[in-house]
Amino acid sequence: MKKLPILLLILCCTSLIACSKGSQINGHTTRTAFKSVKALKNRLSPDARIEFEVSFWMLRDSIKSEKEFLNTVDGKKPEEIIAMGKELYQQRKNSGFAGYEKYTSWDDMIAKFGKERIDQDNRKGPKEDPKDKANDVLYKL
């Protein structure tokens with residue numbers, strides 16, 4: 001009977017430790033990193049989601065070694081990835097990186113990516129197929 005409280009305490013501690021990493025990227029493998037990024041971005045607001053995605057893929061593009069990339073993002077929260085992305089953007093902008101000259105700032109680049117995303121979503125809308133109207137099963141009574 002004396003072992004039950006100790007067992008419950010250990011169980012509670014391990015569950016708290018396991019659940020506390022839910023807001024961080026798991027960078028043990030590429031697969032787990034992508035999986036945790038997908039879960040994290042779904043919890044973010046739409047504006048933060050775009051910043052997070054752009055930052056993550058900028059980091060992926062800049063760090064060629066997979067192991068080094070995974071070590072860089074492992075345990076990071078979305079806010080930390082966004083801060084790293086902003087820093088990388090500024091470094092690339094200052095060095096004259098191709099494609100960045102059309103953006104005046106980080107916020108400008110994110111706003112344009114957000115507009116492009118909205119335009120893409122609007123183009124994906126349902127398209128009517130003429131065959132669907134011909135195969136309508138509603139009969140006039």
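The structure holds six salt bridges, a salt bridge being a side-chain nitrogen of Lys or Arg within 4 Å of a carboxyl oxygen of Asp or Glu. This is a predicted model, in which local features need pLDDT of at least 70 and side-chain atom pairs count only at pLDDT 80 or more, while totals for chains, interfaces and linings use all residues. Residues are numbered from 1 along each chain as its sequence is written, and side-chain values use heavy atoms, with hydrogens and water left out.

Helices are DSSP runs (H or I, at least four residues) numbered from the N terminus. Accessibility classes are buried (under 20% relative accessible area), exposed (over 50%) and partly exposed (in between), with a 1.4 Å probe and protein chains only.

Arg-117 is partly exposed at 31% relative accessible area, whereas Glu-53 is buried at 14%. Both residues also belong to a network of salt bridges that includes Lys-41.

Lys-115 and Asp-119 are four residues apart in helix α6, so about one helical turn separates them. Lys-115 counts as exposed because its relative accessibility is 53%; Asp-119, at 29%, counts as partly exposed.

Arg-92 is buried, with 9% relative accessibility, and Asp-61 is partly exposed, with 37%.

The axes of α3 (residues 46-62) and α5 (residues 78-94) come within 8 Å and cross at roughly 60°. Axes are lines fitted to C-alpha atoms, for helices over the stretch in contact, and angles run from 0 to 180 degrees between N-to-C directions. The angle makes α3 oblique to α5, a class left over after roughly parallel (under 35 degrees), roughly antiparallel (over 145) and roughly perpendicular (65 to 115). Residues in the contact (heavy atoms within 4.5 Å) include Phe-52, Phe-56 and Asp-61 of α3 and Ile-81, Leu-88 and Arg-92 of α5.

Asp-47 also lies in helix α3 and counts as exposed, at 61% relative accessibility. The C-alpha atoms of Asp-47 and Gly-114 are separated by 7.6 Å, although the two residues are 67 residues apart along the chain.

Definitions and conventions: Helices (H or I, at least four residues) and strands (E, at least two) are DSSP runs, numbered from the N terminus.
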